[in-house]
Amino acid sequence: MSIPGTGLLKGLVVTMRNMTRRSVTAHYPDALPALPPRSRGVIALIEEKCTSCMLCARECPSWCIYIDSHKDVIPATTEGGRDKSRNVLDRFAIDFSICMYCSICIEVCPFDALHWAGEFEYAELDIRELTHEKERLREWMWTVPAPSALDEHAEPAKEIATAEKAVERAETAEPRSVETVETTRERDHPGEGGK
Amino acid sequence: MGELLDVALRLAVVLGAFLLAPLLVGQVEHKAMAHMQSRVGPMYAGGFHGWAQLIADGVKFVQKEDVVPAAADRTVFKIAPAVALLPYLVAMLVIPIGPGLVGQDLDVGIFFVLAVMGVGVIGTLMGGWSSANKFSLLGGIRVAAQLMAYELPFVLAAASVAMAAGTLSLTGIVMAWEPWWLLWQAPAAIVFFVAGLAELQRPPFDMPVADAELVFGPYTEYGGLRFALFILAEYAGIVVLSALTAVLFLGGWHGPAEDQLGWVWTLVKTGLVAFVVVWVRVAYPRLREDQLQRLAWQGLVPLVLLQLAITAAGVVVFA
């Protein structure tokens with residue numbers, strides 16, 4: 001049996017203790033927030049890496065990526081050779097008024113031309129301004145953070161693990177030529193040989 | 001001529017305190033409540049930690065349109081905020097800050113203050129009744145029920161201390177006060193404070209304006225300056241209640257170096273009680289309407305009757 005009123009006093013103590021502590025408010029416009037790595041702020045584009053393969057535009061669930069391109073013919077350098085053709089990017093635009101920040105375009109890009117940047121202060125007064133053309137998307141590239149370091153006990157990156165395993169296997173097996181090692185690796189991990 | 005100047009000066013000081021003190025309490029509520037909830041409260045108005053927030057609020061209220069509902073009882077609707085606010089101004093007139101430092105020293109000061117504070121609640125009731133809105137009406141009825149229930153322990157608690165001092169004059173009560181009264185009159189002090197909170201409709205006794213149930217109770221149809229006057233009345237009420245509690249039960253200007261710093265002691269005690277009003281608001285949830293009535297009739301009234309008996313015994317034994 002507790003003394004009546006202790007609950008009331010406890011309530012007062014809790015609020016008073018809270019008052020003496022620092023508040024948890026983030027003073028956003030005055031102090032910029034510490035964004036977590038991989039924050040989805042804005043999508044940046046390395047134009048030189050883009051081959052206008054249209055994968056991002058087709059995978060985008062909200063159809064917010066616009067790509068225009070044309071084929072450029074590079075004439076054959078040798079006599080009787082074939083002309084080469086190359087895609088030239090005319091327009092690459094992302095409409096951030098439709099984008100839902102799902103990150104599918106970035107994951108699907110085979111050439112790592114798209115990246116997340118942490119910047120988020122690009123609100124506009126006119127909705128049409130939210131369609132960022134490729135020049136602006138290229139500018140965002142400067143704000144892309146460096147890849148964050150791995151956690152302390154995390155697995156090493158996949159490429160490193162694969163290479164180490166290959167070396168280990170090469171050492172334990174009977175000595176073979178370098179080409180054989182390459183072939184073994186190709187057999188164990190098909191599709192990764194090109195990296 | 002000198003007498004006239006003296007009266008004018010006293011009135012001016014009381015009016016200044018009446019306009020300033022509620023704003024101070026409001027700002028303390030803004031900031032203290034925010035920090036109790038791990039927030040920071042207003043930070044921008046005025047530059048330094050939002051000190052001018054309430055002034056900015058006032059400017060905003062003045063700019064708003066003055067709307068009276070078509071079905072409302074126009075006259076009653078319009079004078080209700082004034083009826084709610086003015087009694088607290090009148091009450092501040094008779095509360096002594098230091099020996100001789102009082103707007104007007106009345107022989108029946110405590111009686112006058114209690115009577116006037118009752119009128120303040122009528123303003124809210126008028127607003128609820130005249131708004132032609134069911135939520136306002138329900139809120140008004142709740143105000144009436146609350147006034148009925150809590151006026152009795154409120155008056156009895158004040159009567160206890162008046163009995164102990166043997167006078168109805170507020171100055172006289174402070175003169176007669178001695179530190180051991182803190183213990184002797186403790187139940188009366190608690191009852192007085194709790195009943196006062198209920199009469200001001202402050203949380204946890206804010207059923208008349210319970211926003212989850214009644215929109216904003218009697219103030220639902222009010223906007224702009226009239227609404228601001230109601231809110232100002234609430235904070236002026238806090239000031240009056242805190243000052244009364246300090247004067248009646250905490251010894252007013254009694255304290256170290258009371259000959260020079262007496263008025264500081266009164267203000268410090270008033271400020272502390274006002275802080276407790278805010279503190280209680282943050283700590284406790286709102287009572288239910290039946291709990292409210294039960295607390296008054298089964299808790300406070302018997303307690304204060306017991307206190308009256310103790311006071312009477314004390315007076316007979318020591319006098």
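Start by selecting B:Pro204, which sits in the loop of chain B between α8 (186–199) and α9 (211–214). You're looking at a predicted model, so treat each stop as part of a prediction.

Check its backbone: B:Gln201 isn't a glycine, yet its phi is positive, near 60°. Is B:Gln201 buried or exposed? Its relative accessibility is 8%, so B:Gln201 counts as buried, because buried means under 20%.

Next, hop over to chain A and pick A:Trp63. You'll find A:Trp63 in the loop between α2 (55–59) and β2 (65–74). Here's another backbone to check: phi of A:Trp63 is positive, about 55°, although A:Trp63 is not a glycine. A:Trp63 has a relative accessible area of 61%, so it is exposed; the cut-off for exposed is over 50%.

Last stop: select A:Ile98, in chain A's loop between β3 (84–95) and α3 (104–108). With a relative accessible area of 34%, A:Ile98 is partly exposed. Which residues does A:Ile98 contact, leaving aside its neighbours within four places in sequence? Highlight A:Ser62, A:Cys64 and A:Tyr66, and you have them. To finish, draw a C-alpha to C-alpha distance from A:Ile98 to A:Pro61: the two are 9.9 Å apart in space and 37 residues apart in sequence.

Terms used: Residues numbered from 1 in each chain as written. Chains lettered and ligands numbered in written order. Predicted model: local features only at pLDDT ≥ 70, side-chain atom pairs only at ≥ 80, totals over all residues. Heavy atoms only, no water. Helix = DSSP H or I, 4+ residues; strand = E, 2+ residues; numbered from the N terminus. Buried < 20%, exposed > 50% of the residue type's maximum accessible area, 1.4 Å probe, protein only. Contact = heavy atoms within 4.5 Å.
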